[in-house]
Amino acid sequence: MSEYLYTHDALTVPRGDDAGQLLAPRPPCDADSQLDVAAFRDRGFLILKDAAASDAIARAAAYVATHEACWSAPSGTRPDDWRMHRDQRLDAPVADGHLPILDLLREPRLAAAIRCLAGAEAHAVSYTQVARRTPAPRKARRKNLPDTSYHIDGEANASGARFPDVFSLLVAVALTPHERPGMGNLTVFPQGHLRDWRQYPDWKRDKALPDIGRPYEVPLGVGDAVLCHPLLPHRGGRNDSESSRDLVFFRVQLAGIDYATPERAAALLADPWAELRVPSSA
C-alpha cells in the first residue's frame, strides 16, 4: 500500500494565510460564440485556449511555488497532489483561502465557457486539486499504458461507492505547457461519457474495466483549459519530458442540484445530460 492514501483527508493542504477572505466581484464576460458545444456533446471534453489571463496564471504558479515545500512536508500530503476548497461556495468567504488558485476558476473567459456548457454559473466547487506530474524515471519512459487504465471520478473501491462523484463539470487549467503527447497530459477517452456506467463500481473493484478505445492526450499551453463531462473516463499521462506538468482541477457544482441523493446519481447515469444543458447541435 502506498504511504499516501488517495482520500480527500490525506491530500488536503493546510489553510492559507488568506483563509476567510471575501471573494471580490468579477466583471461579466459574454459567452464565447466560438465554443464548439457540439464537439463537447459528442467527445465529452472541450479545449478552451487562453482561458485564464497571463497575470492570473503567474499569481497561481507563484503561489504553488511558494507553498509546495510546506504542502509536501514529511507530515503533509503527497508531493504531487494538493487539494483545497472543499465544498467551497463561490458566493461566500473562502473558507480555507488559497485565493490565487481559486481565482483561476473565476477568470471571465473560463466562467463564460462554464455558463455556456452548464446553462448556469458555477455555484461551488466540491474541491480544488493542484496536480503535478513529475518526469518519469528514464527506464519507465515510452512504455504504453494499457487502454483499460482509466478511472471516472468518485469512490469505487474499499473506501466506498460514491459514484458518480459530486460535481457536474471537471475543469482543468494549465500552469505549465504540455502541448505535445508524453508530457504528463491529462488523457481522456473520447465519447466514453456516453457509455452505460452503472456497473462501473463493480468493474473498478474487480479490476475488470472494459476496453473503450484509444485515449487522447489533451495538449494545453499555459493558461489553456479543458472542460470535461463528469462521466468522461480519464487518467494522468506519463511524463516522458524533462519538466513537471502542473494542472489545477476544479470539480464544479451547479445551483439547485442535491449531490448527496441516490436519485441524483441514478438520474445522471440514466441521462448524461441531466445536469448540463448542452445543445444537441451548434
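A nonpolar core is a set of buried Ala, Val, Leu, Ile, Met, Phe, Trp, Tyr and Cys residues joined through side-chain atoms within 4.5 Å. In this predicted model, the largest such core has 46 residues. Strand β4 is largely enclosed by the rest of the structure, because nine of its 10 residues are buried. Nine aromatic pairs turn up in a search of the whole structure.

**Nonpolar cores**

- Within the largest core, the residues with the most contacts are Leu-104, Leu-110, Val-171, Val-173, Leu-227 and Phe-250.
- Helix α3 supplies the largest share of this core, with six residues.
- A second core is separate and has 15 residues, including Ala-174, Val-188, Leu-220 and Cys-228.
- Leu-227 can be followed residue by residue, leaving aside its neighbours within four places in sequence.
- On that basis Leu-227 is in contact with Phe-40, Gly-44, Phe-45, Leu-46 and Leu-48, among others.
- Its contacts also include Leu-110, Ala-113, Ile-114 and Leu-117, as well as Leu-169, Leu-170 and Val-171.

**Strand β4 and its partners**

- Strand β2 runs antiparallel to β4, and four bridges join them.
- Trp-82 has Val-130 as its bridge partner in β4.
- Strand β3 (residues 88–89) is also antiparallel to β4, joined by two bridges.
- Here Gln-88 is bridged to Val-125 of β4.
- Eight bridges join β4 to strand β10 (residues 245–253), again in an antiparallel arrangement.
- Across that pairing, Gln-129 has Phe-249 in β10 as its bridge partner.

**Aromatic pairs**

- Among the nine pairs, Trp-71 and Trp-82 have ring centres 5.5 Å apart and planes at 55°, so this pair is tilted.
- Trp-71 lies in helix α3 (residues 54–71) and Trp-82 in strand β2 (residues 81–84), so the pair ties together parts 11 residues apart in sequence.
- Trp-71 counts as buried because its relative accessibility is 2%.
- Trp-82 is buried too, with a relative accessible area of 0%.
- Tyr-150 and Trp-197 form an edge-to-face pair, at 6.1 Å centre to centre and with 70° between the planes.
- Tyr-150 lies in the loop between β4 (124–133) and β5 (169–174), and Trp-197 in the loop between β6 (186–188) and α6 (200–205), so this pair ties together parts 47 residues apart in sequence.
- Tyr-150 is buried at a relative accessible area of 3%, and Trp-197 is buried at 0% relative accessibility.
- Tyr-150 and Trp-197 belong to a cluster linked by ring pairs, together with Phe-163, Phe-189, Tyr-200 and Trp-203.

**Charges over rings**

- Arg-195 places its charged end over the ring of Trp-197, 6.0 Å from the ring centre.
- Arg-43 does likewise with Phe-45, where the charged end sits over the ring at 4.5 Å from its centre.
- Phe-45 is also one of the residues in contact with Leu-227.

**Asp-91**

- Asp-91 lies in the loop between β3 and α4 (99–102).
- Asp-91 is exposed, because its relative accessible area is 52% and the cut-off for exposed is over 50%.
- Its side chain makes a polar contact with the side chain of Arg-89, at 2.8 Å.
- The C-alpha atoms of Asp-91 and Ala-124 are separated by 8.1 Å, although the two residues are 33 residues apart along the chain.

Notes:
Residues are numbered from 1 along each chain as its sequence is written. This is a predicted model: local features need pLDDT of at least 70, side-chain atom pairs count only at pLDDT 80 or more; totals for chains, interfaces and linings use all residues. Side-chain values use heavy atoms; hydrogens and water are left out. Rings of Phe, Tyr and Trp (its six-membered ring) pair if their centres lie within 6.5 Å; planes under 30 degrees apart count as stacked, over 60 as edge-to-face and the rest as tilted. Buried means under 20% relative accessible area, exposed over 50%, partly exposed in between (1.4 Å probe, protein chains only). A charge sits over a ring if NZ of Lys or CZ of Arg is within 6 Å of the ring centre and within 35 degrees of the ring normal. Two strands pair if DSSP finds at least two bridges between them. Contact means heavy atoms within 4.5 Å. A polar contact is a pair of N or O atoms within 3.5 Å; within protein, one must be able to donate a hydrogen and the other to accept it, and residues adjacent in sequence count only if both atoms are side-chain atoms.
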